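I opened this model to see how its inside is packed. My notes follow.

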Amino acid sequence: MSKLRVHAFSISVDGFGAGPRQDLENPLGVGGLALHEWVFPTRTFQEIHGDGKGETGVDDDFAARGFEGIGAWIMGRNMFGPIRGPWPDDAWKGWWGDEPPYHVPAFVLTHHPRAPIRMAGDTEFRFVTGGIREALERAREAAAGRDIRLGGGVSTVRQYLRAGLIDELHFAIAPVFLGSGEHLFAGLDLPGLGYDTVEHVPTARATHVVLKKRSS
């Protein structure tokens with residue numbers, strides 16, 4: 001069966017995966033952009049969002065792993081955009097322009113139905129109103145044996161963690177404190193949920209930690 005994986009999920013030293021007061025001007029919350037400074041210079045990031053001439057090395061290796069063998073994505077509505085409540089129209093199609101970086105079906109968790117959006121480069125956003133398990137079932141079908149990558153935001157990852165549905169989680173601890181915002185692990189008993197640390201690698205910009213769920 002395909003695995004549900006989280007990759008390159010950045011958190012602060014004090015455990016926040018997003019800063020406070022998220023809005024159109026601060027999609028990662030106030031101060032949240034600093035969590036991702038480790039990935040911006042990497043070749044993987046620059047091939048998607050820049051000039052393709054980024055750095056190789058450990059940070060890039062971890063960033064690249066997140067795209068290997070992926071056949072579908074799942075993301076929360078906050079990751080898709082800043083709009084809350086019922087969709088006012090079909091104008092908003094994500095943060096990423098005409099060609100998002102996914103290139104596979106991407107399932108968006110929402111309480112409000114919306115027709116699928118087909119984008120350039122084989123990305124199709126499909127909106128799921130039936131909750132996290134329905135999204136996972138549909139993503140597995142679309143992935144056709146390949147793995148599924150779970151994006152943000154923090155609330156979405158926490159829901160899947162609490163349900164024990166994530167098979168592998170890579171997070172990058174940035175050397176910054178946020179003080180407030182959305183905390184990734186608050187109230188979660190990860191050992192009790194079956195997760196063990198299997199890898200931890202420090203670099204100059206982040207400390208990479210990988211968790212895997214024990215086989216039942």
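I looked up Leu 4 and left aside its neighbours within four places in sequence; contact means heavy atoms within 4.5 Å. Leu 4 is in contact with Ile 74, Leu 136, Ile 148, Leu 150, Tyr 160, Leu 165, Ile 166, Asp 167 and Glu 168. The model is predicted: local features need pLDDT of at least 70, side-chain atom pairs count only at pLDDT 80 or more, and totals for chains, interfaces and linings use all residues. Residues are numbered from 1 along each chain as its sequence is written, and side-chain values use heavy atoms, with hydrogens and water left out.

Buried means under 20% relative accessible area, with a 1.4 Å probe and protein chains only. Of its 32 residues, Leu 4, Ile 74, Tyr 160, Leu 161 and Ile 166 touch the most other members. Helix H4 (132–143) is among the elements that give two or more residues. H4 supplies the largest share, five residues. Helices (H or I, at least four residues) and strands (E, at least two) are DSSP runs, numbered from the N terminus. Another core, of 15 residues, lies apart and includes Ile 70 and Phe 80.

Then I turned to Ser 10 in strand S1 (residues 4–11). Is Ser 10 buried or exposed? Ser 10 counts as buried because its relative accessibility is 1%. Its side chain joins that of Trp 38 by a polar contact of 2.7 Å. Such a contact is a pair of N or O atoms within 3.5 Å; within protein, one must be able to donate a hydrogen and the other to accept it, and residues adjacent in sequence count only if both atoms are side-chain atoms.

Methods:
Buried < 20%, exposed > 50% of the residue type's maximum accessible area, 1.4 Å probe, protein only. Core = buried A, V, L, I, M, F, W, Y, C linked by side-chain atoms within 4.5 Å.
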